[in-house]
Amino acid sequence: RMQEEEPNKAEEGQWRKKKGPAPPRPLPPKRAVKKLARKAINQELFDIEVQQGGLERQGVKLEKTIREICAASDAEEGADRDSLGPEAEDLIIQLFDLVNEKNELFRRQTELIYMKKENRLEEMHADCEYQIRVLMSKPECQRTDDDKMSEERLIAKLVEIVTQRNEIVDCLEMDRLRELDEDTAIEDHMSNYAAVKPAEVPKKGLIKILKRKKKKKDKDDEKDVDTSE
């Protein structure tokens, strides 16, 4: 009797390996954010504050001296009460220079603060993106309700971060336009003083400068910016 042939197990599929669970997807790399030299920036911000304090003290002395000259001029019998006189010319120019220098320091201070805030938001943006990608890399069958809720929260947070970054861009543009207006106004004042003799400088022009300087200080105090690490 002929021996029965053994069935070909390879053909029958009995030797095929059973499929196991699919390997997990590789985790996406986290986007690298350029590190900011925060220590150097904080030191520069401190130095700016010190310089601003010095300029403020100089401004107070200048204003006091100019007002004393005005008072002395008013007290003189027969004096022209609508002009400051030649001796105040140098002090007025110094006041213009001081205001310009103070404005430049304020602008640099604002730029550094925005730079820190933008960098911090970019780090939060990259971290949020990474967490979302990690959650989305899970197979749908393995995702829990908590995962889906976490993803929704992270997406909402990401939208908020993007909004804040856009606000910084808008603020920088508004500051740029304001600076142009300030520079134009100061140049106009300087041109007016250069076009007349020292004795013809009107007192009301000086008052405008002093008020402008005071208004600028108020803006400095009211500006809401983040100076934390």
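Ground rules, before I go on. This is a predicted model, so I note that local features need pLDDT of at least 70 and side-chain atom pairs count only at pLDDT 80 or more, while totals for chains, interfaces and linings use all residues. Residues are numbered from 1 along each chain as its sequence is written, and side-chain values use heavy atoms, with hydrogens and water left out.

**Surface and contacts**

I looked up the accessible surface (Shrake-Rupley method, 1.4 Å probe; for residues, only the protein chains shown count as cover). The chain comes to about 16500 Å², and carbon and sulfur atoms hold 53% of that.

Next, burial: buried is under 20% relative accessible area, exposed is over 50%, and partly exposed is in between (1.4 Å probe, protein chains only). Of the 229 residues in the chain, 31% are buried.

For contacts I use heavy atoms within 4.5 Å. Among the contacts in the chain with a separation of 6 or more, 85% are between residues 24 or more positions apart.

**Cores**

A nonpolar core here is a set of buried Ala, Val, Leu, Ile, Met, Phe, Trp, Tyr and Cys residues joined through side-chain atoms within 4.5 Å. The largest one has 19 residues, and Leu45, Leu62, Ile66, Leu91 and Leu112 have the most contacts inside it. Helices α2 and α3 each supply at least two residues of this core, with α3 giving the most, nine residues.

I clicked on Leu62 and found that it touches Leu91, Gln94, Leu95 and Leu98, leaving aside residues up to four places away in sequence. There is also a second, separate core of nine residues, which includes Tyr114, Leu121, Leu158 and Ile168.

While in α2 (residues 38-75), I checked Gly53, which is found there. Gly53 is partly exposed at 23% relative accessibility.

**Charged pairs**

My salt bridge rule is a side-chain nitrogen of Lys or Arg within 4 Å of a carboxyl oxygen of Asp or Glu. That rule gives 14 salt bridges.

Which residues pair with Arg107? One is Glu104, at 3.2 Å, N to O. Both sit in helix α3 (residues 89-136), three residues apart, about one turn of the helix. Arg107 is buried at 11% relative accessible area, while Glu104 is partly exposed at 48%.

Arg107 also forms a salt bridge with Glu179, with the closest N and O atoms 4.0 Å apart. Glu179 is in helix α4 (residues 145-194) and Arg107 in α3, so this pair ties together parts that are 72 residues apart in sequence.

Another one I noted is Asp175 with Arg178, 3.4 Å from N to O. They lie three residues apart in α4, about one turn of the helix, and both are buried. I also found Glu140, Arg143, Lys148 and Glu151 joined into one network by salt bridges that share partners.

Terms used
Helices (H or I, at least four residues) and strands (E, at least two) are DSSP runs, numbered from the N terminus.
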